[in-house]
Amino acid sequence: MRTLSLVFLLLTIALPGFAQREFNVNDSTFYVLNTYTTVVAGARQLYLLTPGGLQTLRDFTADHPDQYIRDFDLVRPDLWYTVIGKPTVGDSTTLYRSTDRGASWASDTSFYSATRQGGTGEFYSINQLQALGSDTLALFVGYYESQLAYSLDGGQTWAHWFNNLIAHYLGLYHCPDRDEYYLYGLVG
């Protein structure tokens with residue numbers, strides 16, 4: 001019985017981590033804006049944490065309760081991106097952009113033409129948006145046929161980088177000691 005209890009405890013601890021990785025649901029990302037303000041991205045809402053307390057900045061899923069914040073990136077103080085979608089890989093997502101510190105948000109489809117050039121039919125399914133600098137962005141799109149698009153101007157224009165039929169690209173790791181980037185993903 002003790003062994004069964006230990007297995008149950010370990011599964012209970014491991015499942016939330018598995019769920020975040022497998023089902024693409026964001027779980028509390030923090031970005032410090034300044035000494036007094038931190039942006040918190042939860043599973044469904046963006047919050048501002050100030051000395052006055054926690055307040056909701058935006059609820060992206062109020063009209064679509066089956067969707068979640070799948071990715072949130074604060075590229076620079078005046079440029080924020082959020083990816084909203086269902087938690088299953090390969091489903092349609094919506095990219096939102098804010099240029100006024102989260103006060104207003106607009107759906108951003110500027111990457112569509114670049115990802116359509118890649119040949120994949122899954123140009124609408126964003127896995128991750130990753131900031132590589134103040135204006136350089138990488139966009140990981142698709143599941144069965146995954147591809148990368150990039151922007152050198154903060155997302156104003158996008159270009160197709162490359163795609164692969166048997167890989168599910170998820171992001172880039174940066175090794176600061178050697179100033180190298182490594183692409184990571186899943187096969188098939």
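Me: In which strand is Arg 70 found?
Reply: In this predicted model, Arg 70 belongs to strand β5.

Me: Which side chain of opposite charge is nearest to Arg 70, and how far away is it?
Reply: The nearest one is Asp 91, at 6.0 Å. A salt bridge would require a nitrogen–oxygen distance within 4 Å. Arg 70 has no salt bridge, although the residue is buried.

Me: What does the side chain of Arg 70 reach instead?
Reply: The side chain of Arg 70 reaches the backbone oxygen of Lys 86, at 3.1 Å.

Me: How should I read the sheet that contains β5?
Reply: In general, strands of a sheet pair through backbone hydrogen bonds, in either a parallel or an antiparallel manner. Here four strands form an open sheet in the order β5-β6-β7-β8, and the pairing is antiparallel.

Me: How many bridges join β6 and β7?
Reply: Strand β6, residues 79-85, pairs with β7 over six bridges, in the antiparallel sense. As one point of reference, Thr 82 stands opposite Tyr 96 of β7.

Me: What sits over the ring of Tyr 96?
Reply: The charged end of Arg 58 does, 6.0 Å from the centre of the ring. Tyr 96 also belongs to a cluster linked by ring pairs, together with Tyr 31, Phe 60, Phe 72, Trp 80 and Trp 105.

Me: How is a pair of aromatic rings described?
Reply: The description rests on the distance of the centres and the angle of the planes. In this structure the count comes to ten aromatic pairs. One of them joins Phe 60 and Trp 105: the centres are 5.1 Å apart and the planes stand at 80°, so the pair is edge-to-face.

Me: Which parts of the chain does the pair of Phe 60 and Trp 105 tie together?
Reply: Phe 60 lies in the loop between β4 (53-59) and β5 (68-76), and Trp 105 in the loop between β7 (93-98) and β8 (106-107), so the pair ties together parts 45 residues apart in sequence.

Me: Are Phe 60 and Trp 105 buried or exposed?
Reply: Phe 60 is buried, at 7% relative accessibility. Trp 105 is buried as well, with a relative accessible area of 12%.

Me: How are the rings of Trp 161 and Phe 162 arranged?
Reply: Their centres are 5.5 Å apart and their planes at 75°, so this pair is edge-to-face. Trp 161 is partly exposed, with a relative accessible area of 43%. Phe 162 is also partly exposed, at 27% relative accessibility.

Terms used
Residues are numbered from 1 along each chain as its sequence is written. This is a predicted model: local features need pLDDT of at least 70, side-chain atom pairs count only at pLDDT 80 or more; totals for chains, interfaces and linings use all residues. Side-chain values use heavy atoms; hydrogens and water are left out. Rings of Phe, Tyr and Trp (its six-membered ring) pair if their centres lie within 6.5 Å; planes under 30 degrees apart count as stacked, over 60 as edge-to-face and the rest as tilted. Helices (H or I, at least four residues) and strands (E, at least two) are DSSP runs, numbered from the N terminus. Buried means under 20% relative accessible area, exposed over 50%, partly exposed in between (1.4 Å probe, protein chains only). A charge sits over a ring if NZ of Lys or CZ of Arg is within 6 Å of the ring centre and within 35 degrees of the ring normal. Lys and Arg count as positive and Asp and Glu as negative; His and the chain ends are not counted. A polar contact is a pair of N or O atoms within 3.5 Å; within protein, one must be able to donate a hydrogen and the other to accept it, and residues adjacent in sequence count only if both atoms are side-chain atoms. Two strands pair if DSSP finds at least two bridges between them.
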